[in-house]
Amino acid sequence: MKNHNANYEFELEVAKMLSEQAAQAIMGYFRRNLKVTIKSDNTPVTNADIHANEIIVAGLQHYFPADGIVSEELADKVGKRTWYVDPIDGTESFSKGSTEFAIHIGLVEETEPVLGIVHRPATHELYYAIQNQGAYKISSDGIKYPLKVDASNQNGTVLVVSKRHYHEQASLDVAAHLRPANTIIHGSEGLRIMHIAEGTGNVHYSNNRHSISTWDVCAPQIIVAEAAGIIKYANGDPIRYHTQRSLGEHFIVASSLDLFTKTAELIHKYM
């Protein structure tokens, strides 16, 4: 049963601490000392991913031994609650020397995210949220800002898309019909969603129903939801977690219901 009286402040502090430790380790490999291996699913993994994952998982197991863990670089551990961990979201960008990568740590009770952090090591920015307590960003100079989506869309739609999949025909078709005023192309799923959460983007959608994993979305999901954004599967169903590793469906992140509905219609037509 979910603890409806929990404030998750201790969990948040542990997650922040572990993400900072992992960030320091990751930056020790950034643009140097990097070893890249291609996994069986044709995605890259580096020695930095593995080192950061070890730091985060060991810390979670120490502080919350009864909890489960689902991580990109680890066999699943079953527990009362479940942490979803991506030590480097945007490994391909990281391995090419780009700063478009982030650390994700999210906590699920029952099937819903209740806490999430997205930490950007290269710029020292941290996004976080606790269920029913709002979403926040800590800037590189240590200032804390509340996050809120741009629901007004007054200056035209800003589309946020995957660097890897943007030029696929189906994605181009959807984008063409959305007629965005501007398009942001980014290499990290979590940071794409953060553009919606902080109001610099208005809509993002997954290009491939099989390419997005639970650890890509869990932590960003609670942050954008607490920033008053909409994040659901394209068919309108909520995104739930039951220790699965792949979402398996298209999802949409939007700053308004109208924009979500329009994007969902286009995805059903073109993807």
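E109 is buried (under 20% relative accessible area, against over 50% for exposed and in between for partly exposed, using a 1.4 Å probe and protein chains only), its own relative accessible area being 7%. The residue sits in strand β6, residues 102-109, where strands (E, at least two residues) and helices (H or I, at least four) are DSSP runs numbered from the N terminus. From C-alpha to C-alpha, E109 and H124 are 28 Å apart in space and 15 residues apart in sequence.

A quick word on ground rules. This is a predicted model, so local features need pLDDT of at least 70 and side-chain atom pairs count only at pLDDT 80 or more, while totals for chains, interfaces and linings use all residues. Residues are numbered from 1 along each chain as its sequence is written, and side-chain values use heavy atoms, with hydrogens and water left out.

**Salt bridges**

- A search of the whole structure turns up 9 salt bridges, each being a side-chain nitrogen of Lys or Arg within 4 Å of a carboxyl oxygen of Asp or Glu.
- R81 and E11 pair up through their side chains at 2.8 Å, N to O. R81 lies in the loop between β4 (74-77) and β5, and E11 in helix α1, so this bridge ties together parts that are 70 residues apart in sequence.
- Both R81 and E11 are buried.
- D76 and R245 meet at 2.5 Å, N to O, in another salt bridge. Since D76 belongs to strand β4 and R245 to the loop between β14 and β15 (251-254), the pair ties together parts that are 169 residues apart in sequence.
- D76 is partly exposed at a relative accessible area of 36%, and R245 is also partly exposed, at 31%.
- K137 bridges to E198, with the closest N and O atoms 3.1 Å apart. With K137 in strand β9 (residues 135-138) and E198 in the loop between α5 and β13 (203-205), the contact ties together parts that are 61 residues apart in sequence.
- K137 is buried, with a relative accessible area of 13%, whereas E198 is partly exposed at 24%.

**Pockets**

- Rolling a probe the size of a water molecule over the atoms shows where empty space is left.
- A pocket here is an open set of points on a 1 Å grid over the protein atoms alone, where a 1.4 Å probe fits, with protein on both sides within 12 Å along at least five of seven lines; lining residues have an atom within 4 Å of a point.
- The largest pocket holds about 750 Å³ of space, a volume being the space filled by probe spheres set on the points, which are joined across faces, edges and corners.
- Its lining counts 33 residues, and T43, G90, R164, S211 and D216 lie nearest the centre.
- At least two lining residues of the largest pocket come from each of β5 (82-89), α3 (91-95), α5 (189-197) and α6 (214-226).
- The lining of the largest pocket splits into 4 nonpolar, 16 polar and 13 charged residues. Ala, Val, Leu, Ile, Met, Phe, Trp, Tyr, Cys and Pro count as nonpolar, Asp, Glu, Lys and Arg as charged, and the others, Gly among them, as polar.
- The second largest pocket comes in at about 230 Å³. It is lined by 15 residues, with E112, Q221, A225, I231 and R240 closest to its centre.
- β7 (112-120), α6 and β14 (230-233) each put at least two residues into the lining of the second largest pocket, and α6 gives the most, with 4.
- By class, the second largest pocket is lined by 7 nonpolar, 4 polar and 4 charged residues.

**Loops and backbone**

- Y29 is in the loop between α1 (9-27) and β1 (36-38), and at 18% relative accessibility it counts as buried.
- N33 has a positive phi of about 55 degrees although it is not a glycine. N33 lies in the loop between α1 and β1 and is exposed at 56% relative accessibility.
- N153, likewise not a glycine, has a positive phi of about 60 degrees. N153 is in the loop between β10 (144-146) and β11 (158-162) and is partly exposed, at 24%.
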